[in-house]
Amino acid sequence: MRTERISGDGPAERRDVKVVVGAAIVADGRVLACARSAPPEVAGRWEFPGGKVEPGESETAALVRECAEELAVRVEVGDRVGRDVRMAHGRSVLKVYAARLVGGDQPRALEHAEMRWLSADELDTVDWLPADVPIVAALRPLLARL
């Protein structure tokens with residue numbers, strides 16, 4: 001994704017916006033939330049698992065890779081959840097997709113301090129990272145229907 005920024009009276013400056021993908025892994029009417037272990041300024045805050053899309057990688061391929069690396073699970077990626085969320089002073093955008101576990105895999109906290117399965121009524125029981133808050137709002141009605 002590319003954006004243009006106009007600075008003063010000069011020409012437009014082009015810069016790449018990094019795409020970060022997250023997985024709203026849903027099972028039995030609950031979504032998986034993960035507590036960050038690092039860096040210190042966000043440790044203990046909650047997010048959807050995922051990470052950066054590498055050059056030449058599709059968003060869904062990145063999400064499958066990230067879930068394998070972070071949780072040791074295989075996932076099937078579904079539809080988008082919520083809107084694009086700008087992060088890091090506009091240098092990154094978060095895109096979250098619904099996902100489901102496949103092959104009987106069970107997540108393990110390989111890179112997170114803690115994991116919890118949350119129902120729609122429990123979504124507010126954890127301290128979400130700011131970028132994930134709009135996704136939580138979009139996810140609530142989806143979980144309530146399950």
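# A guided tour of the predicted chain

Begin by selecting Asp28, which sits in the loop between β3 and β4; helices (H or I, at least four residues) and strands (E, at least two) are DSSP runs, numbered from the N terminus. The structure is a predicted model, in which local features need pLDDT of at least 70, side-chain atom pairs count only at pLDDT 80 or more, and totals for chains, interfaces and linings use all residues. Residues are numbered from 1 along each chain as its sequence is written, and side-chain values use heavy atoms, with hydrogens and water left out.

**Asp28 and the backbone**

Although Asp28 is not a glycine, its phi is positive, at about 50 degrees. Asp28 is exposed, since its relative accessibility is 77%; buried means under 20% relative accessible area, exposed over 50%, and partly exposed in between (1.4 Å probe, protein chains only).

Select Ala72 next, in the loop between α1 and β7. Ala72 is likewise a non-glycine residue with a positive phi, here about 60 degrees, and is partly exposed, with a relative accessible area of 31%. Then move to the bond from Ala38 to Pro39, a cis peptide with omega near -10 degrees. Pro39 belongs to the loop between β4 and β5 (46-47). As background, most residues other than glycine have a negative phi, and most peptide bonds are trans.

**The whole chain**

Zoom out and colour by pLDDT, the predictor's confidence in each residue, from 0 to 100. The chain has a mean pLDDT of 90, with 90% of its residues at 70 or more. Select residues 1-14: pLDDT stays under 50 there, and the model has 23 contacts beyond four places in sequence for this stretch, where contact means heavy atoms within 4.5 Å.

Switch to a cartoon display to see two helices and nine strands, arranged along the sequence as β-β-β-β-β-β-α-β-β-β-α. Of the 146 residues in the chain, 39% are buried. Among contacts with a separation of 6 or more, 64% join residues 24 or more positions apart.

**The loop between β8 and β9**

Select Gly104 and Asp105 together. Asp105 lies in the loop between β8 (92-101) and β9 (112-118), and Gly104 is placed in the loop between β8 and β9 as well. Is Asp105 buried or exposed? Asp105 is buried, because its relative accessible area is 15%, whereas Gly104 is exposed, with a value of 66%. Now show what surrounds Asp105: beyond its neighbours within four places in sequence, it is in contact with Ala72, Val73 and Arg74.

**The nonpolar cores**

A nonpolar core is a set of buried Ala, Val, Leu, Ile, Met, Phe, Trp, Tyr and Cys residues joined through side-chain atoms within 4.5 Å. Select Val31, Phe48 and Trp128, which have the most contacts inside the largest nonpolar core, a set of 21 residues. Two or more residues of this core come from each of β3, β4 (30-36), β7 (75-87), β8 and α2 (133-145), and α2 gives the largest share, four residues. Apart from it lies another core of 18 residues, including Val17, Ile25, Leu32 and Val53.

Keep Trp128 selected and show its surroundings. Not counting residues up to four places away in sequence, Trp128 touches Ala33, Arg45, Trp46, Glu47, Phe48, Leu118, Leu123, Val133 and Val136.

From Trp128, go to Val42, 86 residues away in sequence and 9.8 Å away in space, C-alpha to C-alpha. Val42 is in the loop between β4 and β5 and is buried, with a relative accessible area of 18%. Setting aside neighbours within four places in sequence, its contacts are Arg36 and Leu129.

**The largest pocket**

Which residues lie nearest the centre of the largest pocket? They are Val20, Arg36, Glu47, Met87 and Leu129, out of 28 lining residues. The pocket holds about 690 Å³ of space. At least two lining residues are supplied by each of β3 (18-27), β6 (50-52), α1 (59-71) and β8.

On a 1 Å grid over the protein atoms alone, a pocket is an open set of points where a 1.4 Å probe fits, with protein on both sides within 12 Å along at least five of seven lines; lining residues have an atom within 4 Å of a point. Finally, colour the lining by class to find 13 nonpolar, six polar and nine charged residues.

How values were computed: Points joined across faces, edges and corners; volume = space filled by probe spheres on them. Nonpolar A, V, L, I, M, F, W, Y, C, P; charged D, E, K, R; others polar.
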